[in-house]
Amino acid sequence: MIWICLFLAVINLVFDGSLFRLWKLHQDNGQIHGRIERLKAENANLEVRLREAKDPGFLEKVARERFDLVNERDLVFVFSDMAEDETL
């Protein structure tokens, strides 16, 4: 009698869809935890970049590399192209 009741309970869970919903929720839970871990790593990376951005030395380095800026004490050489000299 216990086996029949147990069998009917399992059949009810399968046909009701509860078992499938439980499996789907478990799968979604794993995906959400994976996304949380990726976002935590991205957040840590952004925090490091934010600390770097507050450093004046880093800002000066970025300004020199991206915008070709120079410091007051720097010596700058400007070379003309040979093709431009020939047209004059």
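How many residues apart are Arg64 and Glu60 in helix α3, and by about how many helical turns are they separated? They are 4 residues apart, and therefore about one helical turn separates them.

This is a predicted model, in which local features need pLDDT of at least 70 and side-chain atom pairs count only at pLDDT 80 or more, while totals for chains, interfaces and linings use all residues. Residues are numbered from 1 along each chain as its sequence is written, and side-chain values use heavy atoms, with hydrogens and water left out.

**View 1. Glu60, Arg64 and Asp74 are linked in a network of salt bridges.** A salt bridge is a side-chain nitrogen of Lys or Arg within 4 Å of a carboxyl oxygen of Asp or Glu. The closest N and O atoms are 3.1 Å apart between Arg64 and Glu60, and 2.7 Å apart between Arg64 and Asp74. Because Arg64 lies in helix α3 and Asp74 in the loop between α3 and α4 (82–87), this pair ties together parts that are 10 residues apart in sequence. Helices here are DSSP runs (H or I, at least four residues), numbered from the N terminus.

**View 2. Helix α3 covers residues 56–67.** Its 12 residues reach 16 Å from the first C-alpha to the last, close to the 16 Å expected at 1.5 Å a residue, where the expected span is 1.5 Å times one less than the number of residues. Just after α3, Asp68 takes a positive phi of about 55°.

**View 3. Trp3 is placed in helix α1.** Trp3 is exposed, with a relative accessible area of 69%, where exposed means over 50% (1.4 Å probe, protein chains only).

Terms used: Helices (H or I, at least four residues) and strands (E, at least two) are DSSP runs, numbered from the N terminus. Buried means under 20% relative accessible area, exposed over 50%, partly exposed in between (1.4 Å probe, protein chains only).
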